[in-house]
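Work through the exercises below with the coordinates open. Try each task before you read its solution.

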Amino acid sequence: MKKLTLDDIKERIARIENAALYDFEVAHAEEDQLNEDFVECMAAGVYSKQYAIEVAKLIMKVRDIDFNRVCA
């Protein structure tokens, strides 16, 4: 498993923002994958407590991106 860095997360958030403009399903899938990858990193213990807090705060910004979050 690859540790998600703050730069990795910023890049993925930018992809979600871009996808949200054109395809909310892709944006939603990318958001779900980012959250899953973060949880896997947490479970594997790859982050210090302080770094995990920074990562989580950054990931939470995805909630501010406006797109339909529809579950089938």
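**Exercise 1.** Leaving aside neighbours within four places in sequence, which residues is Asp37 in contact with?

*Solution.* First, the ground rules. The model is predicted: local features need pLDDT of at least 70, side-chain atom pairs count only at pLDDT 80 or more, and totals for chains, interfaces and linings use all residues. Residues are numbered from 1 along each chain as its sequence is written, and side-chain values use heavy atoms, with hydrogens and water left out.

Step 1. Asp37 is found in helix H2. Helices are DSSP runs of H or I with at least four residues, numbered from the N terminus.

Step 2. List the partners. Contact means heavy atoms within 4.5 Å. With neighbours within four places set aside, Asp37 is in contact with Leu4 and Arg12.

Step 3. Check the exposure. Buried means under 20% relative accessible area, exposed over 50%, and partly exposed in between (1.4 Å probe, protein chains only). Asp37 has a relative accessible area of 16%, so this residue is buried.

**Exercise 2.** Find the salt bridges and decide which of them share partners.

*Solution.* The criterion is a side-chain nitrogen of Lys or Arg within 4 Å of a carboxyl oxygen of Asp or Glu. By this rule the count comes to 4 salt bridges.

Step 1. Take Asp37 and Arg12. Their side chains meet in a salt bridge at 2.7 Å, N to O. The pair links distant parts of the chain: Asp37 lies in helix H2 and Arg12 in helix H1, 25 residues apart. Arg12 is buried too, at 11% relative accessible area.

Step 2. Take Glu11 and Arg15. This salt bridge spans 3.8 Å, N to O. Both residues lie in helix H1, 4 residues apart, or about one turn of the helix. Arg15 counts as partly exposed, at 39% relative accessibility.

Step 3. Take Glu30 and Arg15. The closest N and O atoms of this salt bridge are 3.3 Å apart. Here too, distant parts of the chain are linked: Glu30 is in helix H2, Arg15 in helix H1, 15 residues apart. Glu30 is partly exposed, with 25% relative accessibility.

**Exercise 3.** Which residues of H2 are buried, and what do they pack against?

*Solution.* Step 1. Get the length. H2 has 21 residues and reaches 30 Å from its first C-alpha to its last, close to the 30 Å expected at 1.5 Å a residue. The expected span is 1.5 Å times one less than the number of residues.

Step 1. List the buried set. In H2 these are Ala27, His28, Glu31, Leu34, Asp37, Phe38 and Cys41. They pack against H1 and H3.

Step 2. Inspect the ends. Asp23 caps the N-terminal end of H2, with a side-chain oxygen 3.1 Å from the backbone nitrogen of Glu25. Just after H2, Gly45 takes a positive phi of about 70°.

**Exercise 4.** Where do the buried residues of H3 fall, seen down its axis?

*Solution.* Step 1. Set the limits. H3 runs over residues 49–60 and has 12 residues. Its end-to-end C-alpha reach is 16 Å, close to the 16 Å expected.

Step 1. Pick the buried residues: Ala52, Val55, Leu58 and Ile59. Seen down the axis of H3, they fall within an arc of 130°, so they line one face of the helix. The arc is that of the directions from the helix axis to the C-beta atoms.

Step 2. Look at the other side. Lys49 and Lys57 are exposed there.

Step 3. Find the cover. For the buried residues of H3, it includes helix H1 (6–22) and helix H2 (24–44).

**Exercise 5.** Which residues touch the most other members of the largest nonpolar core?

*Solution.* Step 1. Apply the rule. A nonpolar core is a set of buried Ala, Val, Leu, Ile, Met, Phe, Trp, Tyr and Cys residues joined through side-chain atoms within 4.5 Å.

Step 1. Of the 18 residues in the largest core, Ile9, Ile13, Ile16, Leu34, Tyr47 and Ile65 touch the most other members. H1, H2 and H3 are the elements that give two or more residues to this core. H1 gives the most, with 5 residues.

Step 2. Follow one member. Beyond four places in sequence, Tyr47 touches Lys3, Leu4, Phe38, Cys41, Met42, Ala52 and Val55.

Notes. Polar contact = N/O pair within 3.5 Å; in protein donor to acceptor, adjacent residues only side chain to side chain.
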